[in-house]
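Hi,

Here is the structure I said I would pass on. Have a look at it first, then read my notes below.

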Amino acid sequence: MSASTSIRPDLLRDRNFIGGIWCAGREDAWLEVVDPATGAVIGRVPDSGAVDADEAVKAASEALPSWRATTARHRAQLLKRWHARMLSSAEDLAKIISLEQGKPLAEALGEVAYGASYVEWFAEEAVRAYGDIIPAAAEGRRMMVVKEPLGVVAAITPWNFPLAMLARKVAPALAAGCTVIAKPAEDTPLTALAMMRLAEEAGLPAGTVNLVTASRGNAAVTVGAWLADPRVRKITFTGSTAVGKGLARGSAETLKKLSLELGGNAPFIVFDDADVCAAVDGLMRAKFRNGGQTCVSPNRVYVHDAVYDEFSRQLAARVAALHVGPASLAESEIGPMINSRAVEKIDRHVRDAIVRGATVLTGGLRLRDQIASGPNYYAPTVLGEANEQMTLASEETFGPVVALFRFHSEEDVVRRANDTPFGLAAYFYSRDVSRIWRVSGRLETGIVGINEGAFASEAAPFGGIKESGYGREGSRYGLEEYLATKYLCQGSLA
Ligand code: ADP
């Protein structure tokens, strides 16, 4: 707990936040939170069940009428206060993120700024939820469209960006006039609870935002209670495709609106006309953020035969120089993976690729003995001569592993890039203007990075197509996800 001793104590919470009250779970069951770098227990939070989940819905439902009746300007002001508190507590929030999630402190600070930018953005968007006046289609009528909040929104978030994923769901929901019930990932509940403390401090009225924590085993129970509850009108989820499909099935009975930001299998294409140095640079930024544990992380890197040798040489040198270590060391660029399950999956993908003919250009092993602090480290890895028979070609590796696939023609590489059920992000590097428009039109993804490895921004719509889900976060499209369109028709005006 040494790293946590320097954190403002009231940000480290061990209770659910329901109806403005910090409360233990009804069952008196607890979930231990673990530092992924060492395996040490750093705190405990309630392992909530259906009763706690139901209390959260009750609190959010009761808070809804008065919250939706506030002016957009009022909601914007409260969100701005929340934003200001996030920024003034940035160091503490970053320490909590690093402690429970493992990313280096500099990256954690980046996540706080990134997450906060969504809160600010949606504070500004709140006042722009415009409707329409439609030219009357019949005499003596007025036809209007107004945007109304959907109601109670359930937000289920993952562990890879414990602050940003929560912020970019809760902020637009509150901005729209919805109230929120949230469940963070079992690996990273402390950041979410700290965010609730800051929301409380910012003066968000009791019940507007509520949060329950639960173990993986109880996730299905708590969220299940929300799926079955007709008072919950929307589910917004970031996580795996398997769980996302389960949420879609589970909410079918009450036909909730869904936003699902699910897994990806991003292709990264380097054409023969690319600026190779820029492409290596872009891949480093896109791939190694958060140790490769991001859903837009390039998973299949296709390099044209003509630049393959040059690209792989430059890339392997850069990757070999990455510094792996705990978040507590300033020089660390890649932290531990989130848990042993994650490291085992990465290693399984790498072993499978090697057996099927991949060459190891750098890395390719667990760092069990090399790093003293714990067992969850994986060496940043570049594999050459990858092919589509390898598991890593079809499954998301979610770790610091780059697999290089050769290609010869644009036609072939676009077909291979699209040959996946997923469709979140794609990247390509080219200096040919015609090719840029052609390829960006043909890639079947929600996001395309063109000569750019880091595209995420609160001002842009983030989300996928195909089995990467639907719905968008950020931008003006992000607010729409929490609004219902109501048509008002007034007659007898002749
Ligand atoms: P990952 O594999 O990256 O952990 P998950 O989809 O399993 O992604 O987890 C994302 C979020 O979904 C977490 O908050 C987790 O607790 C939650 N979750 C996991 N299983 C279920 C489930 N059966 N029902 C509802 N939520 C779940």
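These notes go through the ligand site and then the salt bridges.

First, some ground rules: this is a predicted model, so local features need pLDDT of at least 70 and side-chain atom pairs count only at pLDDT 80 or more, while totals for chains, interfaces and linings use all residues. Residues are numbered from 1 along each chain as its sequence is written, and side-chain values use heavy atoms, with hydrogens and water left out.

Now the ligand. There are 17 residues around it, and T157, K183, E186, R216 and S240 come nearest (around means a heavy atom within 4 Å). By type, this shell has ten nonpolar, four polar and three charged residues (Ala, Val, Leu, Ile, Met, Phe, Trp, Tyr, Cys and Pro count as nonpolar, Asp, Glu, Lys and Arg as charged, the others, Gly among them, as polar). Helix 7 (216-228) gives the largest share, four residues, and strand 10 (232-238) and helix 8 (241-250) each supply at least two. Helices (H or I, at least four residues) and strands (E, at least two) are DSSP runs, numbered from the N terminus.

An oxygen atom of the ligand is 2.6 Å from a side-chain N or O atom of R216, and the distance given for S240 is also 2.6 Å. For the side chain of W159, it is 3.2 Å.

Finally, the structure holds 39 salt bridges (a side-chain nitrogen of Lys or Arg within 4 Å of a carboxyl oxygen of Asp or Glu). One of them joins R231 and D54 at 3.0 Å, N to O. R231 is in the loop between helix 7 and strand 10, D54 is in helix 1 (residues 50-69), and they are 177 residues apart.

Cheers

Notes
A polar contact is a pair of N or O atoms within 3.5 Å; within protein, one must be able to donate a hydrogen and the other to accept it, and residues adjacent in sequence count only if both atoms are side-chain atoms.
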